[in-house]
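Here are some notes from going through the two-chain model. Have a look at the structure first, then work down the points.

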Amino acid sequence: MSLLTIDGVWKQYHDHSVLRGIDLEVAPHEVVCLIGASGSGKSTLLRCVNLLETIDDGAIFLDDAEITDVRADPDEVRKRIGMVFQSYNLFPHMTVLDNITLAPRRVHGVRPREAEEQARELLDRFGLSDKAGEYPDRLSGGQQQRVAVIRAVATQPRLLLLDEVTSALDPALVTEVLGVIRELKDAGMTMILATHEMGFARDIADTVCFLDGGVLLERGSPEQIFTAPEHPRTREFLQRILEARRM
Amino acid sequence: MTDDEAGSPAAAPVPAPHAGGEAGSPASSTDGRAGASARTDGASPLPGQGEAGASAAEWVKSERQVRREAELRARSRRSATVATASTVLAAVVLVVAVTASPGWPRVQETFLNPGAFAEALPDVLRGFLLNIKIFLIAEVLILILGLLVALVRGLRSPVFFPLRALAVLYTDVFRGVPVILLVYLVGFGVPALQLQGAPSDPVTLGIIALVLSYGSYVAEVFRSGIESVHPSQRAAARSLALTHGQTMRHVVLPQAVRRVVPPLLNDFASLQKDSALVAVLGPLESLRQAQIHAASSFNYTPYLTSALLFIALTVPMARFTDHLAARTARRRTGGGTI
């Protein structure tokens with residue numbers, strides 16, 4: 001049984017198709033990496049799953065219930081899905097602790113005391129316990145993004161969406177964020193990552209999907225995609241990445 | 001000021017082991033510190049630079065820096081001299097031009113009469129207290145009305161279409177009508193309706209007119225503040241399953257309100273002056289008192305008295321607004337000079 005099912009999803013911006021009939025199943029505890037060039041539809045797909053974008057055709061199911069049903073309450077759906085953005089999007093007027101406890105307290109009805117305890121536990125686990133009272137602009141990019149991940153998982157979502165979470169980071173700070181994601185995988189979190197970090201995708205993914213022009217061209221184990229890609233477009237993409245790496 | 005020169009290769013007063021790496025980025029000093037500490041956690045890079053950091057504790061200004069500072073001091077002395085000279089010159093020219101004008105003795109007699117000033121001051125001051133009362137009450141009501149209208153305009157659900165249309169109509173109409181016209185219309189129009197319970201007190205009517213007029217401006221200020229909050233903040237809040245209302249209340253409004261404080265204070269400085277327009281309805285506020293005195297003595301000095309009182313109130317407010325704006329700017333740039 002799959003936790004998330006994406007069934008023939010189309011997304012149109014004006015007269016440009018961004019997603020062209022995407023099918024994808026994600027099993028519980030599975031980590032799926034979406035790779036592909038910028039503009040291939042990775043981010044849009046994640047935003048559709050989180051209902052930040054409305055789809056133009058197809059359906060998305062979470063725990064076998066259709067979340068794209070027009071009668072479904074988006075807020076109820078989002079309660080079960082966490083999302084981390086490329087640009088962190090922490091709330092600048094709140095401390096780290098308030099950023100993390102906002103949703104547990106206001107949306108999930110957790111008592112403030114309890115929410116704070118849980119937040120401190122998470123901060124401790126990810127090496128940020130001394131930052132609880134800081135404001136986001138006093139943190140490095142890597143620290144901000146780790147806080148954003150904690151904020152997204154503080155409500156214990158069924159599914160975590162990570163949208164190029166290391167793309168805005170200094171190379172030296174990427175590893176600390178990837179470490180957090182690895183730890184979440186070990187804890188059994190189901191995740192979909194859009195990423196440009198091929199090494200990390202290869203290392204952490206159960207399934208790698210290659211998107212090209214809004215089409216899911218190829219999917220398979222990291223081994224298969226990175227060593228023996230079938231589709232010429234996949235080969236070309238990986239070749240270009242390799243070349244860029246060598247320069 | 002000298003801190004800005006910290007990036008100079010001669011000596012680094014800040015013991016950052018990686019000054020070279022951080023100096024190029026426009027990040028604030030706090031970011032630099034955070035980055036530095038994060039790196040020292042990891043494998044220690046380049047031991048030579050670490051030693052440079054240690055020796056920075058006993059930093060002696062290089063000759064180059066001493067010369068640079070001397071040059072900067074000389075330059076600031078020069079600009080101070082030029083500024084003083086040009087100010088004095090401008091003041092002298094202005095005074096000479098005004099006092100040499102043919103009508104100056106008459107103006108001095110009718111507008112700058114110390115006796116008339118002293119005589120009018122108590123009454124004008126008493127009237128001015130009413131001005132203060134008018135705009136204090138109006139300010140609170142304007143903030144509430146403006147915020148409500150701005151929030152209504154942000155509602156997306158089709159259910160609220162009539163409310164939204166009403167809000168648009170309100171801002172369009174009341175921003176278009178001159179304040180003094182509105183004071184006349186409300187002040188004489190509302191009592192003329194002879195409605196049961198409608199206010200007839202000129203001060204109340206004046207406040208209503210001011211609130212209606214300024215509410216439309218302030219609503220637009222709030223709306224621009226709300227729209228200035230980046231959509232990614234909304235996306236983040238909604239992705240946490242906060243509702244539209246919760247997103248507004250906890251994420252968007254706190255940021256929006258902080259940003260619009262300077263323009264709001266600017267509008268309120270304007271409101272303080274416009275409280276004098278209530279005079280046309282007859283209550284004995286500052287301008288009206290000045291009119292009465294002027295009419296009985298044929299001397300216009302009481303107007304100057306009233307004007308000075310208004311200035312005495314708006315100038316501190318203007319300085320406070322500047323102070324807030326400067327503080328915001330400092331926060332944005334992280335303490336840099338540009």
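1. Helices here are DSSP runs of H or I with at least four residues, strands are E runs of at least two, and both are numbered from the N terminus. UniProt, in an unreviewed entry, puts "domain: ABC transmembrane type-1" on residues 128-321 of chain B. UniProt positions follow the numbering used here, feature names are shortened, and annotations may be inferred rather than shown by experiment.

2. Housekeeping: this is a predicted model, where local features need pLDDT of at least 70, side-chain atom pairs count only at pLDDT 80 or more, and totals for chains, interfaces and linings use all residues. Residues are numbered from 1 along each chain as its sequence is written, while chains are lettered from A and ligands numbered from 1 in the order in which they are written.

3. How far to trust chain B? Its mean pLDDT (the predictor's confidence in each residue, from 0 to 100) is 82, with 81% of the residues of chain B reaching 70 or more. Within chain B, helix α1 (residues 19-23) has the lowest confidence, a mean of 40, and α10(B) the highest, at 96. Residues 1-53 of chain B have pLDDT below 50, yet this stretch has 56 contacts in the model beyond near neighbours in sequence. Where pLDDT is low, the predicted coordinates should not be read in detail.

4. For the complex, the predictor reports an ipTM of 0.92 and a pTM of 0.78. At the interface, 21 residues of chain B are in contact with 23 residues of chain A; contact means C-beta atoms, placed from the backbone, within 7 Å. On the chain B side, α2 (29-41), α10 (231-239) and α11 (244-274) are the elements giving two or more residues. By class, that side has nine nonpolar, nine polar and three charged residues. For the classes, Ala, Val, Leu, Ile, Met, Phe, Trp, Tyr, Cys and Pro are nonpolar, Asp, Glu, Lys and Arg are charged, and the others, Gly among them, are polar.

5. Back to the UniProt record, whose unreviewed entry lists "transmembrane region" at residues 82-104, 124-152, 173-193 and 205-222 of chain B. In the model, residues 124-152 of chain B are 100% helix and 0% strand, with end C-alpha atoms 41 Å apart. Residues 173-193 of chain B come out at 86% helix and 0% strand, with the ends 21 Å apart by C-alpha.

6. Next, α9 (residues 202-228) and α11 of chain B: their axes come within 8 Å and cross at roughly 150°. Axes are lines fitted to C-alpha atoms, for helices over the stretch in contact, and angles run from 0 to 180 degrees between N-to-C directions. α9(B) is therefore roughly antiparallel to α11(B); the cut-offs are under 35 degrees for roughly parallel, over 145 for roughly antiparallel, 65 to 115 for roughly perpendicular, and oblique for the rest. The contact includes Tyr214(B) and Phe222(B) of α9(B) and Val260(B) and Leu264(B) of α11(B). Its class count is 14 nonpolar, two polar and three charged residues.

7. The contact of α6(B) with α12(B) has five nonpolar, six polar and three charged residues.

8. Finally, chain A. The unreviewed UniProt entry gives "domain: ABC transporter" for residues 4-238 of chain A, a span that is 37% helix and 26% strand with end C-alpha atoms 27 Å apart. Helices α5 (residues 141-153) and α6 (residues 171-186) of chain A pack at about 20°, axes 8 Å apart, which means α5(A) is roughly parallel to α6(A). Val149(A) of α5(A) and Val177(A) of α6(A) are among the residues making this contact.

Note on methods
Contact = placed C-beta atoms within 7 Å.
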